[in-house]
Amino acid sequence: METSAPQPRLGYRAFGRKLAFVVAVLVLLTGGIIVTVNQIIGQTVYHAVKEHAAAGAMDWANRFNADFSGSGGLLRNGTLSADQMRVIDAAILVGNVYAFIVYDREGRTVYSSDFGLIDVDANAAVNTGALAVAQSGVPDLTVIQRRNPSGSVSVYVDALVPAKGPDGIVVGTIQLYLDKSDISSLYKRVHDWIGYLLPAVCAIVYAVPAAAFILMREKAFTRQEHVRKLSMYDTLTGVFNRQTMTTKCKKMFAARTPDSRIGVLFIDVDKFKGVNDLFGHEFGDAYLQHIASQLKACIGPNDYLARVGGDEFVVVCQETTDDRLEALAKDMLNAAREPFSHKGTTVQGSLSIGVRLAEPDETTTDAFHAADLALYHAKANGRNCVRTYFPALDAALTRRCAIEARLRQALEHDDFDVHYQPIVQPKDRAVCGFEALLRLNDNDGNPISPTEFIPVAEDAGLIHDLGLRTLRRAICVAKVWPDHVFLSVNLSPAQFQRGDLDNAVEAIVTELDFPSARLDLEVTETLLMGNEESVSAQLVGLKQQGISITMDDFGTGYSSLGYLWKYDFAKLTIDRVFLEGLEFAGDRYSDIIETIVTLGKKIGIQVTVEGVETAAHTEMLDQLPCDQYQGFLFGHPMPADETLTHCAREARSHSAA
Ligand code: C2E
Ligand code: MG
Ligand code: MG
């Protein structure tokens, strides 16, 4: 099965067939020409021999007349002198006349070269032909061709020519038998040569342009065929394009039997936009070609592969099973994880894959839709994974669309909120900072969790705008807080994709005249997994402004010490899942929290513990050298106008204590 674009090539077989046809036509044409030319030659030879014979016969007759008739010739007195006999012998010898007969004016034989003089009597037989020639004065010639046993052709001329007296009056008829075989064969040979040469010349004259024409036509056809085939393929990667995939799938779905199942895989290259923006389109193209060839290497001979969008591929498998689809998707994931290098730049990419094993009566559209939903699910689950379709995904997509619409609306009308959750010092529980947390309600006023709408905003390309607006809004609020209270704002990895986040932040901080030392920006480990220089540069840019950077939710991702070192974080926050875990596996989780806190102390990084909800939590945490606590025990995320009161109230209660 063809899955990649053809290389240009001539259709030699088709060309061979056409050439054979043309040669056959040429042979027939040439044969026709030869037959016709031969017939023409035959006629020409016949007439030429006849004319030659007529000229010879007339010549012979004139001599005969001059030599015989003038001296009281044969026809006058019926005698043959010795001179006349000599002339006859010479004439027979020279003129190839092997017999002749002389007739008088009445057509009666007077002399025959075979029988000599003949007594003419009134009752002698009359040769009507001779009589007619004598009366008309017009010669009568008949050419006789005879094929000899040896195969050669003898040509004779039976000529009846008028014999005239010295006064020009016809006195009789002379019948000559002339052998014209020599002259005939000479003519024939010459004409035969013409006959051979003529068709050959013709063949060359029309065969060359005909062959050139066919060759050109063939090339044009091959080119056309090549263009047609190219239009089936994606020009960048050489795999099928969307249109071809649609056509092939429609046929495949229509031809399937009740017990043969078709599998559809929707594949998305993770972070491709970032790769493109960061390393340029040339690198992006090479990366896509690499991915396409990796995918091609994974699929089977009966599978189709197509690129259906910028970084989206589709694989369709005939007669497949759940197990095979799962194995295929895993192979693809592994293949895409191999590092790819091009002109000195290396990226380690990944794929998100949505899988659908179509039901026997499912349409192409429905199967594709299901695989697309599964892909969306895979992306929402952190990418770099495979997800299979399940019916609830339909509802999930509807929800996602509604959230995206709500986000756009909120951005347009500035209709979202930011709440602030206090962060306290362990020693006196005094508020030392607030974390800004985005809030969004649906159209019915019900809150949508940031864990749900932030990924949608990232996917829809809205997070950059949303993130900067949150920062601006939060700084405006934080400006009225006491100087020792810092502001913490979350940053999405997607905000780093443009490559100028440090500048954008600096512009806002400068414009609002906010001390950057009071600003803390939280990033997650997923930002650092791409090991991108651009991310690193932007983090350095932010730190150079005096802003501190926190690694948020430490312990939930790769928890890489390498990242902590490399990017020189000021702080890490221990995700609340560890405190939640205390409920059912206390020791295990307290050990982890202790390890992380100790680690932070050792490498000089501050540690904030999130999710502090109960006295039991603080009882355990107070044993450790934690730097900050954050949790409902010290305050829920609150609206901006409550933050100042909260600070004042907390300050009062501490001074009272
Ligand atoms: P996060 O940055 O780790 O924020 C802390 C989350 O833990 C918040 O959830 C907060 O309400 C919750 N939390 C704090 N203390 C407790 C506690 O004692 N118990 C429990 N059960 N939860 C507690 P929230 O506001 O729902 O935010 C969830 C996540 O959404 C955030 O996790 C953050 O990753 C993201 N997020 C929120 N706002 C923004 C934003 O403006 N930009 C970006 N990029 N992400 C945001
Ligand atoms: Mg946070
Ligand atoms: Mg957190």
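Predicted model: local features only at pLDDT ≥ 70, side-chain atom pairs only at ≥ 80, totals over all residues.
Q: Which residues does Asp158 touch, and what makes that a touch?
A: Leaving out residues up to four places away in sequence, Asp158 touches Asp140, Leu141, Thr142, Ile144, Gln175, Leu176 and Tyr177. These count as contacts because heavy atoms lie within 4.5 Å. Residues are numbered from 1 along each chain as written, chains are lettered from A and ligands numbered from 1 in written order, and side-chain values use heavy atoms, with hydrogens and water left out.

Q: What makes the pair Asp158 and Gln175 a polar contact?
A: Their side chains come to 2.9 Å. The cut-off is N or O atoms within 3.5 Å, and within protein one must be able to donate a hydrogen and the other to accept it (residues adjacent in sequence count only if both atoms are side-chain atoms), so this pair qualifies.

Q: How do you know which residues surround ligand 1?
A: A residue is near if one of its heavy atoms lies within 4 Å. For ligand 1 that gives 23 residues, the closest being Glu435, Arg439, Asp552, Arg576 and Glu613.

Q: What does the side chain of Glu613 do at ligand 1?
A: An N or O atom of that side chain is 2.5 Å from a nitrogen atom of ligand 1.
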